[in-house]
Structures are given as C-alpha cells and as structure tokens.
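Work through the exercises below with the coordinates open. Try each task before reading its solution.

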Amino acid sequence: MSALATLIDDDREVVVHATTGPDTFMVTADELEGATGWALKPEGLCRDGVCVPVRNRDALAAGGGIDLRAFARALGRPVAVEPEAGLAVLGEAPATLRGNLDSLVAPPFTLPDLDGHPVSLSDFDGRKRLLFAWASW
Amino acid sequence: MWQALHEELAPQGLVIVAVALDENLDTIRQCAREESPVTLTYPVLMDRDHLLAEHYGIVNIPTTVWIDEHGRVVRPPAIAPADDRFRDFTKVDSSLHHAALRRWVLDGVVPLSDAEIHDRQELPDADVQQARAERRLAVHLLRRGQDDRAREHLGAALALAPNDWTIQRGSMPLRGEDPFGQAFFDFYESWEAAGRPGYGA
C-alpha cells in the first residue's frame with residue numbers, strides 16, 4: 001500500500017510516497033530523484049553527469065518505483081528502514097567518506113545553535129577553527 | 001570548559017565551535033550554563049543526528065578537530081579534554097594539546113605532517129556506516145514515540161559498532177542506562193580489552 005514516508009539523507013528530510021511491506025520500501029522514481037538527486041537512466045543510476053551501473057535492474061525498479069534497499073546497495077551506501085513506520089535513513093558510502101577524509105578538506109556542515117539559528121562552518125571561512133565535539137553522556 | 005582558551009585565543013584569530021552529539025537540547029543547554037561562571041561566548045551547536053561524527057570520523061567525545069584558514073584539516077579528530085578531571089580514563093594530558101594549539105594559532109606551527117594525519121584518521125567501514133544509519137533511524141523513531149522499533153535498530157547499531165563511543169555510550173541515555181554508571185564501566189572494560197581502538201591522541 002502506498003503511504004507517505006520520510007526519507008532522511010544526510011542533512012535533508014524529504015516526505016515521499018512509498019509502497020512498503022515487510023521486505024520492500026518502494027519509492028517513486030521521480031520522488032527519489034527529488035530527494036537524493038539520483039535518476040534511473042538506461043546507463044544506470046546517474047547524478048551530476050556521473051552514472052553508476054546497476055547490476056540487477058529488476059531488483060531495483062518495478063512499476064515506476066525504486067526499491068530503496070536495492071538503490072542503496074547499487075551505490076554502496078548503508079540504509080536503515082522501518083517500513084511500517086514509513087521511515088528510512090540513507091547513510092553515506094564508506095568509500096565516499098574515506099575519499100573525503102583522505103583529501104583533508106574539512107567537510108562543510110550547517111547545524112542549529114542552542115536558539116535554533118543555523119550556523120555553518122563556512123561562516124568562519126578565512127579563520128583558524130577548532131571544532132569541539134562533546135555531549136552530556 | 002573552552003571559554004578560557006576562547007577568550008585567550010579569539011583575539012589572535014581562533015574560532016572555537018562546540019558541537020553537541022546529543023539528543024537532548026535541554027540537557028545541553030544546562031551543561032553549557034554550568035560549564036562556566038560566565039556565559040559561553042562561542043557557538044554551541046546541536047548535532048542530534050551525529051552528522052559531524054559521520055563526516056569527520058569522530059568516534060568519541062570530547063574530541064577536537066583543527067581546521068586552518070583555507071578549510072583544511074590540520075589535526076584530525078583526537079580526544080582532547082578541556083582539563084585533566086578524567087585523566088585516569090583518558091590518559092591524555094590536556095596541557096600538551098593546549099600548548100600545541102597556542103603554537104598553531106600564534107606561530108602557525110602545524111603539529112602533524114599529512115602522513116601523520118592520515119595515520120591518525122578513523123576511516124569508516126561498511127559496518128560502522130550501517131551502525132550510524134541504524135542509530136539515526138532509532139533516534140528518529142524515539143522522537144516519534146516508537147520505542148520498541150527504536151530499540152531494535154539501536155540493537156543493530158550496537159552489534160555493528162562495538163567500539164564506537166558515540167554509538168555505545170552515546171545511546172546509554174536513550175536506553176535508560178546511566179552513561180556514568182555500570183553500563184559505562186562494562187563498556188570501558190570491553191573497549192580497553194580490545195586495545196582502546198579509535199583514540200587517536
């Protein structure tokens with residue numbers, strides 16, 4: 001059955017239509033492209049001019065929908081899904097993160113301060129920055 | 001906490017940005033108030049989804065990362081307490097870090113070569129990335145009051161990343177465990193037995 005579901009991908013949260021069952025989480029191809037930027041084309045999954053070949057196309061796409069688990073597998077990305085709650089989290093591919101870390105370029109981020117105002121690393125471009133990660137635990 | 005260093009080094013050009021890998025905004029607000037007799041004057045950001053941990057390869061707190069004027073990481077994530085209160089556990093002398101920080105800010109001396117930085121980075125594998133996704137799903141389920149489903153996904157995260165503090169100790173409050181009680185000591189012992197992985201001092 002098709003219902004609204006929330007797809008979380010990095011710092012984006014997008015509501016999509018999903019057809020879910022115990023082992024399926026199908027999102028319409030158009031909405032998945034809107035949420036993640038990846039489109040299914042004859043040459044594979046494509047974004048920004050880069051295409052990743054898809055080994056098992058039948059497992060990925062059916063009836064205008066794309067299976068989120070097969071989508072993540074094709075891109076080497078982790079995905080955690082709770083079909084009945086209509087909630088899925090796409091993580092970043094380990095290979096992508098490793099490449100980013102290897103470059104020594106500080107990954108950009110925007111996070112809310114304690115009053116909810118967004119603050120970005122780039123707000124302090126041109127200055128030395130010390131990030132301090134902490135927690136109450 | 002870092003307020004004194006902030007006051008000392010901000011006029012020299014350093015920006016300190018604190019990021020809380022924490023689910024509870026009220027707790028963090030309270031911690032930020034209690035940490036210093038004066039109001040903290042550097043930004044404290046909330047990262048409930050642990051995005052910083054994922055993108056920077058942070059596996060424990062308190063951790064610092066140094067980023068230069070050009071947006072380049074010159075010191076990768078490393079345990080860096082503000083003081084020596086927990087030195088028995090951290091085995092890190094905070095004054096060494098602070099001295100190195102002053103040399104970098106005042107004299108431009110970077111502490112590590114690129115090769116040394118790469119040696120000290122905590123690179124994620126597929127299990128840790130899956131664990132982070134499961135943890136993130138779990139906290140979103142908790143926010144929706146779906147505790148039973150959340151517990152399953154937290155369990156998956158815990159099994160996949162046995163030595164990641166942000167996942168193990170970081171989820172103790174979410175599981176009703178005391179992060180300063182028995183659950184902490186049990187985790188600390190198993191982590192120490194595993195050779196204190198991911199501590200990049």
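**Chain B: fold and domains**

In chain B, 56% of the contacts between residues at least 6 apart in sequence join residues at least 24 apart. The model is predicted.

**Exercise 1.** Describe the secondary structure of chain B and decide how compact the chain is.

*Solution.* 
- Step 1. Count the elements. Chain B has 10 helices and four strands.
- Step 2. Starting at the N terminus, they read α-β-α-β-α-β-β-α-α-α-α-α-α-α.
- Step 3. Take the radius of gyration. For chain B it is 17 Å, close to the 17 Å from the globule rule for 201 residues, so the chain is as compact as a globular protein of that length.
- Step 4. The C-alpha trace of chain B spans about 55 × 40 × 35 Å along its principal axes.
- Step 5. Check burial. Of its 201 residues, 39% count as buried.

**Exercise 2.** Locate the domains of chain B and describe the contact between them.

*Solution.* 
- Step 1. The domain assignment gives domain 1 (3-120) and domain 2 (126-193) in chain B.
- Step 2. Find the separation. The C-alpha centres of these two domains of chain B are 23 Å apart.
- Step 3. Count both sides. In chain B, 10 residues of domain 1 are in contact with eight residues of domain 2.
- Step 4. Sort the domain 1 side by class. Where domain 1 of chain B touches domain 2 of chain B, there are four nonpolar, two polar and four charged residues.

**Chain A: sheet and interface**

**Exercise 3.** Trace the seven-stranded open sheet of chain A and find its edges.

*Solution.* 
- Step 1. Write the strand order. In chain A it is 7-8-3-2-1-10-9, with mixed pairing.
- Step 2. Look for single partners. Strand 7 (61-62) and strand 9 of chain A have one partner strand each, so one side of each has no neighbour in the sheet.
- Step 3. Strand 9 and strand 10 of chain A run antiparallel and are joined by four bridges. V81(A) has A88(A), in strand 10 of chain A, as its bridge partner.
- Step 4. See what covers the sheet. Helix 7 (residues 126-143) of chain B packs on it and touches strand 1 (2-9), strand 9 and strand 10 of chain A. The direction of helix 7 of chain B makes about 30° with that of strand 9 of chain A.

**Exercise 4.** Is R47(A) buried or exposed, or in between?

*Solution.* 
- Step 1. R47(A) is in strand 5 (residues 44-47) of chain A.
- Step 2. Apply the count. R47(A) is partly exposed because it has 13 C-beta neighbours inside 10 Å.
- Step 3. List contacts. Beyond four places in sequence, R47(A) is in contact with G37(A) and W38(A).

How values were computed: Residues numbered from 1 in each chain as written. Chains lettered and ligands numbered in written order. Predicted model: local features only at pLDDT ≥ 70, side-chain atom pairs only at ≥ 80, totals over all residues. Helix = DSSP H or I, 4+ residues; strand = E, 2+ residues; numbered from the N terminus. Buried ≥ 20, exposed ≤ 12 C-beta atoms within 10 Å, placed from the backbone. Contact = placed C-beta atoms within 7 Å. Rg over C-alpha atoms; globule rule 2.2 N^0.38 Å. Pairing = 2+ DSSP bridges. Axes fitted to C-alpha atoms, helices over the stretch in contact; angles between N-to-C directions. Domains from an automatic or database assignment. Nonpolar A, V, L, I, M, F, W, Y, C, P; charged D, E, K, R; others polar.
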